[in-house]
Amino acid sequence: AYAMDLKQFANTESRKQVHLISKLKKAVLYAAELESNCVSLKCDTTTQLEAKAYHHYMMGILLFEQGNWQKAVVSLSAAQKIYNKLADAVEDSELYREKHDEMSPKVQYCLYNIQSLGVENIQGEDGEGLFQELDSIIANKATKSSVAAREIKWEGTSFTISNDDIKIQLVQMEDSIQLAKECTDHDKRLELYEEILSACRDITQQIRGCVLVGGNKLMTDY
C-alpha cells in the first residue's frame, strides 16, 4: 500500500521512483512467499488461486513501473485470467471482476508500448504453462463441486447420475467441448476432439457397468 502511495510522486521525483521500485520488489517477495505458504499448508483451491493472482499482480505492477512491457503484460494478464476464472467459479464474483477490470488499463498500455516496439510474441516463455496449470486447478475445483449432483437428459427423459466417476468424466468432457468451441488452433482443436471422443468411450464403458433402477436413477453395481 505504501508503494502505491509513493507512485503518486514517483513520476516527478526520481528518488521516490527508486524507493517505489524497492518497495515493490519487497512486495513481490512477500506475495511469492504467501503463494508458497498457501500451497505448502494445503489451503483450499480458492485461497491458492487468490494468492497466485496476487503474486502475478504485484509482479506485473513491478515490471510495469520498470517499463518491462512484455513481461508486465504476461503477469498482469495471468492475474486477470485467474480473477476471471474465480469470478466464474463462485457466486459472490463482484470483487474478482473489479480486480480484473482494475488491471485492464495497464494491460492496454503495455500492449500499446509493445506494438510501438514491434514485438510480436507477448506470451512469454512460461505463459502458456501457467494457463494450463490454472485450467487444471479450476477443472479440479469444478469437478469436486459437481460431484454432489448431476443430471442429464436423453430424449426428453431426465436421469440422475450417482456414480462419481461418471460425473467427473462428464464435467471434464464438457470442459473439453467448451475449449474446442473457443480454440482457433487447428491442431489443438483436433487434440480436444480426440479427448472428447475418448471421454465418450470411457463414459459408455462406465454406464455399461451400471444398472437402471426405479426413478430413472443410475446406480453402480460395484
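1. Within the protein chain of this predicted model, confidence is highest in helix α3, at 90, and lowest in strand β4 (residues 217-220), at a mean of 44. The confidence is pLDDT, the predictor's own score for each residue, from 0 to 100. Helices (H or I, at least four residues) and strands (E, at least two) are DSSP runs, numbered from the N terminus.

2. The pLDDT falls below 50 over residues 211-222, a stretch with 29 contacts in the model beyond near neighbours in sequence; contact means heavy atoms within 4.5 Å. Where pLDDT is low, predicted coordinates should not be read in detail. For the protein chain, the mean pLDDT is 75, with 66% of its residues at 70 or more.

3. Helix α3 (residues 45-65) packs with helix α4 (residues 69-89) at about 155 degrees, and their axes lie 8 Å apart. Axes are lines fitted to C-alpha atoms, for helices over the stretch in contact, and angles between N-to-C directions run from 0 to 180 degrees. The two helices, α3 and α4, are therefore roughly antiparallel (an angle over 145 degrees).

4. Glu35 belongs to helix α2 (residues 14-40). With a relative accessible area of 14%, Glu35 is buried (under 20%, using a 1.4 Å probe and protein chains only). Apart from neighbours within four places in sequence, Glu35 is in contact with Ala51, Lys52 and His55.

5. On conventions, residues are numbered from 1 along each chain as its sequence is written. Local features need pLDDT of at least 70, side-chain atom pairs count only at pLDDT 80 or more, and totals for chains, interfaces and linings use all residues, while side-chain values use heavy atoms, leaving out hydrogens and water.

Methods. Angles under 35 degrees count as roughly parallel, over 145 as roughly antiparallel, 65 to 115 as roughly perpendicular and the rest as oblique. Buried means under 20% relative accessible area, exposed over 50%, partly exposed in between (1.4 Å probe, protein chains only).
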